[in-house]
Amino acid sequence: MSNKTQDAVYNAKELGAGKVIVLGLQHMFAMFGSTVLVPILTGLNVSTTLLFAGIGTLLFHLLTKGKVPAFLGSSFAFLGGYFAIAPMIDGKSNIEMIPYACFGVACAGLLYLVMALLIKLFSAKRIMKFFPPIVTGPIIIAIGLTLSKSAIDSCSSNWIIALVAILAVIICNIFGKGMIKIIPILIGVVASYLVGICMGQVDFSGVKDAAWIGLPINMDTTVFAMFGENFDASLMITAIITIMPIALATIVEHIGDVSAISSTVGKNFIKDPGLHRTLLGDGLATIVASLFGAPANTTYGENTGVLNLSKVYDPMVVRLAAVFAIFFSFCPKFAAVIQAMPTATVGGISLILYGMISAVGVRNVVENKVDFAKSRNVIIAALILVLSIGINYSTAGAIAFTIGEITISLSGLAVGALTGIILNAILPGKDYNFDEEKPDDTGVNFEVGQTRSMKSE
C-alpha cells in the first residue's frame, strides 16, 4: 500500500455491510451515465448493457483472482464501428445490422486473448518495455482529456445543476468526515438530481410507462440472429475487417487503465495477477457481451476516479456494484429513473472523474521521474497528447483510410497511442526498465536506468 498519501485508506471489512452497500451503489452510479450512453447512441439495449457490464465485471474479477478493483462498462472506442456497420435509422435501432456489428466486436475481443497469450508465453517484461511511463502517462492523461468534451457538453445543458454536483463532491471529499468523505460521488448525484427535480429539469414520463420487471436480452439483436435465411457473409467479413483493428487501440487503453488503477491503489497489478489475466478478463467480457447484443466492455476510468476519491480499494465493493447492475438490469423502471437523471448531473460528476483520470496520468509521469530534459521524451509525450486530443476534437473525430472497399477509422487516442509506442521503440536513449520483482508504489514499475546504476555503486 502506498504510504505517500496522508489520506486514510479504508478496507471494506472495517466499514461494515451497510456502508459497503452504499459504496457499491456509488460505483454503479459512477459508471451508469457513460455505460448507458453507448446503447443510446448505437441503438443497443440499455438493460442488456447493464446485465453484461455486471457479468463482464464479475468474469474479469474471477479471471484476475479477485485482486483488481476494476469495473467493466461500455467502451466508446467501438462507436465508429457500430456507426459504420449498423447506423441508426431515424433515431431507431438498425435491428438487421446490429448482429453483424456485434460479431465484429466479438472478433475484436479475440485480439485481447491473443495478446494475453503472448504475454503469458514471453512475460510481461518483454511486452511492457514498449509501455514505459513516457508512453502510458500521456496516454492516461489523454484518456481523461479526450473525454472532457462530453463532460462539458453535458454540464452546458444546465450549469447550475452541474455545479451542485461538482461542489457537493468537492465539499464532501475535502471537508467531510467518516462515511461522507467516502461517498462524495453518490452524494453529488443525489443532491444534483434533487435540484434538477426542483428546477423542473427531470421528465418522469418514461418512468411511469416502464415495467417493474422485464427480461434484459433481446434475441433479435444478438449475434445468433445473424445466422438465418438472410445471412450475408460479405457483410460479416466487412464488419470483422472494419471493427477488429479497433482492438489494437483499446488494448493500449487497457494497459493505460490498469496502470492508472495500479498507481491509484499502490499495487502492481501488471505483475500480480498479471497483465495477461487482466487482458483475458477484458477480452472474454467483451466477447460474451457482444454475442448477446451488448456493447464491448472496457475497464472504466470513472470507477478509478471513485477509488481515488473514496480511498476504498477493496475489489469486493466493485463486485457488489456489478451485482447491483445485474439486479437492476431486470427492472426497466429503474433504468428509466437513471435515464431521467439530468444530463448536467452526469456532466458534473464526469467532469471530476475524467479530471481524476488525467491527474493519475500526471502522477504516473512524476512519480517515475520521467526525464523531460531529453528531447526524445518531450517529442513522444507531445505527439501522444496533440494527436490524441487534436484528432478527437477535429471535424472528423478520427483518421480514416481505405483498403480496397473497406474504410477503417482510428480514433485520436488510437493514433496517439500507436505513435507513442512506435517512437519509444525506435528512438535512442531509453532510460526505463520494467522490473517484475520489485514493484514500486505506482504499480507500473519502471526505474530510471541512471538511478538504478547509482544505487548499485
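Which residues touch the most other members of the largest nonpolar core? Select Phe78, Tyr100 and Ile139: these three do, in a core of 67 residues. A nonpolar core here is a set of buried Ala, Val, Leu, Ile, Met, Phe, Trp, Tyr and Cys residues joined through side-chain atoms within 4.5 Å. Buried means under 20% relative accessible area, exposed means over 50%, and partly exposed lies in between, with a 1.4 Å probe and protein chains only.

Before moving on, note that this is a predicted model, in which local features need pLDDT of at least 70 and side-chain atom pairs count only at pLDDT 80 or more, while totals for chains, interfaces and linings use all residues. Residues are numbered from 1 along each chain as its sequence is written, and side-chain values use heavy atoms, with hydrogens and water left out.

**First stop: the cores**

Helices (H or I, at least four residues) and strands (E, at least two) are DSSP runs, numbered from the N terminus. Now centre the view on tyrosine 100. Leaving aside neighbours within four places in sequence, tyrosine 100 is in contact (heavy atoms within 4.5 Å) with Ile85, Met226, Asn230, Phe231, Asp232, Leu235, Met236 and Ala239. A second, separate core has 38 residues, including Met28, Val202, Ala325 and Leu353.

**Second stop: threonine 221**

Select threonine 221 in the loop between helix 11 (205-209) and helix 12 (233-243). Is this residue, threonine 221, buried or exposed? Its relative accessibility is 5%, so threonine 221 counts as buried. Show the side chain of threonine 221 and look for the backbone oxygen of asparagine 218, which lies 2.9 Å from one of the side chain's polar atoms. Beyond residues up to four places away in sequence, threonine 221 touches Ile95, Ile98, Pro99, Cys102 and Gly293.

Valine 46 counts as buried, at 12% relative accessibility. Draw a distance line from valine 46 to serine 329: the two are 283 residues apart in sequence, yet 8.1 Å apart in space, C-alpha to C-alpha. The contacts of valine 46, again leaving aside neighbours within four places in sequence, are Val36, Pro39, Ile40, Ala335 and Gln339.

Threonine 49 is also in helix 3, and is buried at 2% relative accessibility. A polar atom of the threonine 49 side chain lies 2.8 Å from the backbone oxygen of asparagine 45. Threonine 49 touches Thr35, Pro39, Ser74, Ala294 and Pro295, not counting residues up to four places away in sequence.

Follow the chain into the loop between helix 3 and strand 1, where you will find lysine 65. Most residues other than glycine have a negative phi, and most peptide bonds are trans. Lysine 65 is not a glycine, but has a positive phi of about 60°.

Select lysine 67 and aspartate 272 to see one of them, with the closest N and O atoms 2.9 Å apart. Proline 273 lies in helix 14.

For the other bridge, select aspartate 153 and lysine 149, whose closest N and O atoms are 2.9 Å apart. Both lie in helix 7 (residues 133-156), four residues apart, about one turn of the helix. An α-helix has 3.6 residues a turn, so residues three or four places apart point the same way. Aspartate 153 is partly exposed, with a relative accessible area of 43%, and lysine 149 is partly exposed at 43%.

**Last stop: helix 18**

Finish with helix 18 (residues 343-367), whose 25 residues reach 36 Å from first C-alpha to last, close to the 36 Å expected at 1.5 Å a residue. The expected span is 1.5 Å times one less than the number of residues. After helix 18 comes lysine 369, with a positive phi near 55°.

Definitions and conventions:
A salt bridge is a side-chain nitrogen of Lys or Arg within 4 Å of a carboxyl oxygen of Asp or Glu. A polar contact is a pair of N or O atoms within 3.5 Å; within protein, one must be able to donate a hydrogen and the other to accept it, and residues adjacent in sequence count only if both atoms are side-chain atoms.
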